[in-house]
Amino acid sequence: MKKIKEILMKMSKPQRRKAIAELGAALWAESTPLAQYTNLINLYTGRCRKIAPEKIPVICKILGVTPNDLLDWDDVARETVKTA
């Protein structure tokens, strides 16, 4: 999700490092720190395109954004989901 990269790049360097470490630990707790970092790089470069829905609130909390900001939803998308 390239949106994660955009959000991270808007943070100061210390905040970004902390958020990257927290995201890696939250999403891949059983992996080594290096594997966590690699998985996160794959996620925000677009190589990994799937995130479990239950992880969205965790990511949003760490990044300090709403799910709408993270998923880049607008009003039309929300209405489509409500009617589906």
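Helices (H or I, at least four residues) and strands (E, at least two) are DSSP runs, numbered from the N terminus. This is a predicted model, in which local features need pLDDT of at least 70, side-chain atom pairs count only at pLDDT 80 or more, and totals for chains, interfaces and linings use all residues. Residues are numbered from 1 along each chain as its sequence is written, and side-chain values use heavy atoms, with hydrogens and water left out.

View 1. Welcome to the overview! Along the sequence, the pattern reads α-α-α-α-α-α. The accessible surface (Shrake-Rupley method, 1.4 Å probe; for residues, only the protein chains shown count as cover) comes to about 5900 Å², and carbon and sulfur atoms own 57% of that. Of the 84 residues, 30% are buried; buried means under 20% relative accessible area, exposed over 50%, and partly exposed in between (1.4 Å probe, protein chains only). Contact means heavy atoms within 4.5 Å. Taking contacts between residues at least 6 apart in sequence, 52% join residues at least 24 apart.

View 2. pLDDT is the predictor's confidence in each residue, from 0 to 100. The protein averages 84, and 85% of the residues score at least 70.

**View 3. The largest nonpolar core holds 20 residues.** A nonpolar core is a set of buried Ala, Val, Leu, Ile, Met, Phe, Trp, Tyr and Cys residues joined through side-chain atoms within 4.5 Å. Ile4, Leu8, Ile59, Leu63 and Leu70 touch the most other members. At least two core residues come from each of helix 1 (2-9), helix 2 (13-27), helix 3 (33-45) and helix 4. Helix 4 gives the most, with five residues. In soluble globular proteins, nonpolar side chains tend to be buried together.

**View 4. Helix 4 has a buried side and an exposed face.** Ile56, Ile59, Cys60, Ile62 and Leu63 are buried here. They sit on the same side of helix 4 because they cover an arc of only 165° around the axis, the arc being that of the directions from the helix axis to the C-beta atoms. Pro57 and Lys61 are exposed on the face turned away from the buried side. Just after this helix, Gly64 takes a positive phi of about 75°.

**View 5. Helix 2 buries Arg16, Ala19, Ile20, Leu23, Gly24 and Leu27.** Seen down the axis, the buried residues fall within an arc of 130°, so they line one face of helix 2. Pro14, Arg17 and Lys18 are exposed on the face turned away from that side.

**View 6. Ile59 lies in helix 4.** Ile59 counts as buried, at 0% relative accessibility. Setting aside neighbours within four places in sequence, Ile59 is in contact with Ile4, Leu23, Leu27, Ile51 and Leu70. Ala19 is 40 residues from Ile59 in sequence, with 9.4 Å between their C-alpha atoms.

**View 7. Lys55 sits in the loop between helix 3 and helix 4.** With a relative accessible area of 26%, Lys55 is partly exposed. Beyond its neighbours within four places in sequence, Lys55 is in contact with Ala26 and Leu27. The C-alpha atoms of Lys55 and Leu23 are separated by 10.0 Å, although these residues are 32 apart along the chain.
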